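Have the structure open as you read.

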Amino acid sequence: MQVDISSFTRIFTEYNLRFVRFACSYVKDNSVAEDLVMDSAMTFWKKKESLFEDTNIPAYILSVLKNKCIDHLRHISVMNSVSEQYSSTQLWELDTRIMALESFDPNEVFKEEIITIVNKTLESFPKNTRDIFVKNRFDNLSYKEIAGIYGISVKGVEYHISKVLDALRSHLVDYLTISVIMFFLQ
């Protein structure tokens, strides 16, 4: 994967606070959370050459961060078990955070954002354009069937759908690579 320092800096700056809040919600220590975020970003930077071109950088960093948080929490768990300083309630709470973090899927975070963007983008179009797109992409009607319903030409249907697709490609460029966008939107 080819990522220049300015692109990486832009992405890291945009997501840094979210990543720190995410890590801090599990490790309960802001400075540790910041260190884990920095370590995760450095891990990405070191491995970027071996990653696929379509790798979602924020999701990758979040996955690394998730694993670093799990390792950190397990280390705390082991240290506390050995020293027997935690009460059973505190150990239960720590185990719960570990289990919650293990079941966390970074892709779900971005999935919700993508769905929100798709919905907002669709809402920005006139009702007919929106309905034509929905009938094609979600109801699986052909261009010809849609043209018959709305009393327009097949070219008219193509025009409406291409307008929505262009807007979606533009709004989703930070979330998906062009190849993935083309797969889902064509």
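Start with Asp-39, which sits in helix α2, covering residues 30-47. Helices here are DSSP runs of H or I with at least four residues, strands are runs of E with at least two, and both are numbered from the N terminus. Asp-39 counts as partly exposed because its relative accessibility is 40%. For these labels, buried means under 20% relative accessible area, exposed means over 50%, and partly exposed is in between, with a 1.4 Å probe and protein chains only.

## What you're looking at

This is a predicted model, in which local features need pLDDT of at least 70 and side-chain atom pairs count only at pLDDT 80 or more, while totals for chains, interfaces and linings use all residues. Residues are numbered from 1 along each chain as its sequence is written, and side-chain values use heavy atoms, with hydrogens and water left out.

The chain has nine helices and zero strands. Of its 186 residues, 37% count as buried.

## Salt bridges

Side chains of opposite charge can pair when their charged atoms come close. How many salt bridges does a search of the whole structure find? The search turns up six, each one a side-chain nitrogen of Lys or Arg within 4 Å of a carboxyl oxygen of Asp or Glu.

One of them pairs Arg-74 with Glu-102, with the closest N and O atoms 2.1 Å apart. Arg-74 lies in helix α3 (residues 57-83) and Glu-102 in helix α4 (residues 88-103), so this pair ties together parts that are 28 residues apart in sequence. Both ends are partly exposed, Arg-74 at 40% and Glu-102 at 35%. Arg-74 also has its C-alpha atom 7.5 Å from that of Ile-98, 24 residues away along the chain.

Lys-48 and Glu-49 make another bridge, at 3.0 Å from N to O. Lys-48 counts as buried at 10% relative accessibility, whereas Glu-49 is partly exposed at 49%. Then there's Arg-169 with Asp-166, at 3.4 Å between the closest N and O atoms. Those two both lie in helix α8, three residues apart, or about one turn of the helix.

## The nonpolar cores

The largest nonpolar core has 33 residues, and Phe-44 and Leu-65 have the most contacts inside it. Helices α1 (5-27), α2, α3 and α4 are the elements that give two or more residues to this core. Apart from it lies another core of 16 residues, including Ile-117, Val-118, Ile-132 and Leu-165. A core here is a set of buried Ala, Val, Leu, Ile, Met, Phe, Trp, Tyr and Cys residues joined through side-chain atoms within 4.5 Å.

## Leu-168 in helix α8

Is Leu-168 buried or exposed? With a relative accessible area of 1%, Leu-168 is buried. Leu-168 lies in helix α8, which covers residues 154-171.
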